[in-house]
Amino acid sequence: MTITKQKIGFQHVGSFLRPADLKQARVDFEAGKIDQAALTAVEDKDIRELVSKEKAAGLDYVTDGEFRRAYWHLDFFWGFNGIEHNHLGGGYNFHKTESRDDSAIVSGKISFNPNHPFLKHFAFLKSLTDEIGGVLPKQTIPAPGQLYAELVRGENEAKTKEFYPNEADLIADIQKAYHDAIIALYNEGARTIQLDDCSWGFFLDKDYVARSTDQNKYDSLDTPQVLLDLNNGAIENLPDDLTINTHVCRGNFRSDYIFSGGYDTVADYLFAQENVDTYFLEYDSDRAGGFEPLAKVSGDKRVVLGLVTTKSPELEDRQVIIDRIKEASQYLPLDRLWLSTQCGFASTEEGNELTDEQQWAKLKLVKSIIDEIW
């Protein structure tokens, strides 16, 4: 039997705006007014309703909207052995605002925890897709390079070096922890896993690095080789029928962004050498640069163009999107291109500045253009 990768299909990057009852339940949980079981019951109800809406919208792949998370990345990190939740006293400096100061710090040797909560979270999503049929579940997790980026931020770096004086050991443990996590998700039935990755942004936007030397050490690195090695090492020797995608993001918090800059500076690494099946790329503004770097996407890898923004409620001009797809096809054949929103609608629980109706209108536009072009 020939094993093939999953088709791209119609899929959303990941997160959706949190319903009001879920937001209130999280507030009540933090205040001690309800217990974990009560919070989980609200999460389960809202995820069930979301999956039904995703199917009705024509999505081929569905997510749980990341409804059980506060952050797109940190909640996953906190599930590893050797990682703890901490506060850095300052968040990431977005263009107009600053994120909360939650972070992840090393507290011991890093390894996969067989009781990682994301396994149960995915199992619930898989049970829903099995029940309703006609859709497949997609699991989103932050990329290995993103964990590395968090562990060398500010005071986190000193604690990392305390447990990992040899950086090669740190990289090896991150790779193994991730590989074990991916296999565990696979064993729960995951066949499409997406690695969300903002860490490339440090190499896209040198101005940000210059302003933020106290937050990271990327300015001291000559190349993005460390990210490439981390990510590729984690996804080596995976089952043939497991599709690994990556979403390259420039920051998404309350409709704000962190990084600017085109893909030119990382294309020789990210596009030519990262061993993923599909790239979900932000192309919703001039900050993303041109399509020329797509010519460096190697092999038969595919690119999903994030031409419809989740940061603004205004609906894009349909013809403008179609024209941009045709422009991109000058550098990568149309049969290796696809369309999506540029990011999730709520990378953190606060969400972006648009309504529930507006987020579904964005997805309806994406679906209609996919149907027309492909």
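Contact here means heavy atoms within 4.5 Å. With that in hand, let's look at Ile132, which sits in helix α4 (residues 117-132); helices are DSSP runs of H or I with at least four residues, strands are runs of E with at least two, and both are numbered from the N terminus. Setting aside neighbours within four places in sequence, Ile132 is in contact with Val51 and Lys55. Ser52 lies 80 residues from Ile132 in sequence, yet the two are 8.1 Å apart in space, C-alpha to C-alpha.

A quick word on the source: this is a predicted model, where local features need pLDDT of at least 70 and side-chain atom pairs count only at pLDDT 80 or more, while totals for chains, interfaces and linings use all residues. Residues are numbered from 1 along each chain as its sequence is written, and side-chain values use heavy atoms, with hydrogens and water left out.

**The α1 and α2 pair**

Two packed helices are described by the angle between their axes and the distance between the axes. Helix α1 (residues 20-30) packs on α2 at about 165 degrees, with the axes 10 Å apart; axes are lines fitted to C-alpha atoms, for helices over the stretch in contact, and angles run from 0 to 180 degrees between N-to-C directions. That makes α1 roughly antiparallel to α2, a label for angles over 145 degrees. On the α1 side the contact is made by Asp21, Leu22, Ala25, Arg26 and Phe29, and on the α2 side by Gln36, Leu39, Val42, Glu43, Lys45 and Asp46. By type, that contact splits into five nonpolar, one polar and five charged residues; Ala, Val, Leu, Ile, Met, Phe, Trp, Tyr, Cys and Pro count as nonpolar, Asp, Glu, Lys and Arg as charged, and the others, Gly among them, as polar.

**Helix α13**

Helix α13 (residues 356-373) has 18 residues and spans 27 Å from first C-alpha to last, close to the expected 26 Å, which is 1.5 Å times one less than the number of residues. Its buried residues include Trp360, Leu363 and Ile370. Among the elements covering the buried residues of α13 are α2 (36-56) and β9 (302-308).

**Accessibility**

Buried means under 20% relative accessible area, exposed over 50%, and partly exposed in between (1.4 Å probe, protein chains only).

| Residue | Relative accessible area | Class |
|---|---|---|
| Glu66 | 4% | buried |
| Ile132 | 29% | partly exposed |
| Asn237 | 71% | exposed |

Glu66 has a positive phi of about 60 degrees, though it's not a glycine, and is in the loop between β1 (61-62) and α3 (74-78). Asn237, not a glycine either, has a positive phi of about 55 degrees.

Methods: Parallel < 35°, antiparallel > 145°, perpendicular 65-115°, else oblique.
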